[in-house]
Amino acid sequence: VQLQASGGGLVQAGGSLRLSCAASRSIFSINAMGWYRQTPGKQRELVATFTLGGNTNYPDSVKGRFTISRDNAKNTVYLQMNSLKLEDTAVYYCYAIMAGFTYWGQGTQVTVSS
């Protein structure tokens with residue numbers, strides 16, 4: 001599975017961005033799919049995921065501000081990010097777990113300015 005992430009950019013604090021992650025094949029049966037983010041010197045942080053059963057999970061740091069969704073027809077997962085904060089600045093990576101393997105997209109930079 002190849003994953004193509006897009007949608008990052010520069011936004012002011014309080015603004016919104018939507019990230020997209022397009023998969024090269026159907027995501028209908030993917031076990032889990034979502035987004036991590038990473039900043040220099042810090043561990044990669046899971047920010048949103050959904051599972052095959054339809055459950056979604058978010059850490060407290062983004063809960064209520066970020067929403068993950070998917071469009072099976074387009075094989076695409078989205079991350080809607082609202083009320084962005086300076087601390088949301090990071091490189092965001094999409095991932096997918098299928099048949100015991102984890103696949104990663106290239107990162108997309110999100111920069112939140114004051």
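Where is the place of Asp88? In this predicted model, Asp88 sits in the loop between E8 and E9, and the views below begin with this residue.

View A. When residues up to four places away in sequence are not counted, Asp88 touches Arg37, Arg65, Phe66, Ser83, Val110 and Val112.

**View B. The largest nonpolar core, which holds 29 residues.** Within this core, the residues that touch the most other members are Met33, Trp35, Phe66, Ile68, Leu79, Met81 and Tyr92. At least two core residues come from each of the strands E1 (3-6), E3 (17-23), E4 (32-38), E5 (45-51), E7 (66-71), E8 (76-81), E9 (90-98) and E11 (108-113), and E9 gives the most, with 5 residues.

**View C. The contacts of Ile68, a member of the largest nonpolar core.** Leaving aside neighbours within four places in sequence, Ile68 is in contact with Met33, Gly34 and Trp35, with Ala48, Thr49 and Phe50, with Thr56 and Tyr58, and with Val77, Tyr78 and Leu79.

**View D. An open sheet of 4 strands, in the order E1-E3-E8-E7.** The pairing in this sheet is antiparallel. E1 and E7 stand at the edges, and each has a single partner strand, so one side of each is left without a neighbour in the sheet. From one strand to the next, the twist averages 15°. E3 and E8 pair in the antiparallel sense over 6 bridges, and Leu79, in E8, is the bridge partner of Leu19.

**View E. The aromatic cluster formed by Tyr36, Tyr95 and Trp104.** The structure holds 3 aromatic pairs, among them the edge-to-face pair of Tyr36 and Tyr95, whose rings are 5.3 Å apart centre to centre with 70° between the planes. Tyr36 belongs to strand E4 and Tyr95 to strand E9, so this pair ties together parts that are 59 residues apart in sequence. The rings of Tyr95 and Trp104 have their centres 5.7 Å apart and their planes at 40°, so this pair is tilted. As for accessibility, Tyr95 is buried, with a relative accessible area of 6%, whereas Tyr36 counts as partly exposed at 22% relative accessibility, and Trp104 likewise counts as partly exposed, at 38%.

Technical notes
Residues numbered from 1 in each chain as written. Predicted model: local features only at pLDDT ≥ 70, side-chain atom pairs only at ≥ 80, totals over all residues. Heavy atoms only, no water. Core = buried A, V, L, I, M, F, W, Y, C linked by side-chain atoms within 4.5 Å. Buried < 20%, exposed > 50% of the residue type's maximum accessible area, 1.4 Å probe, protein only. Contact = heavy atoms within 4.5 Å. Pairing = 2+ DSSP bridges. Axes fitted to C-alpha atoms, helices over the stretch in contact; angles between N-to-C directions. Phe/Tyr/Trp six-rings, centres within 6.5 Å; stacked < 30°, edge-to-face > 60°.
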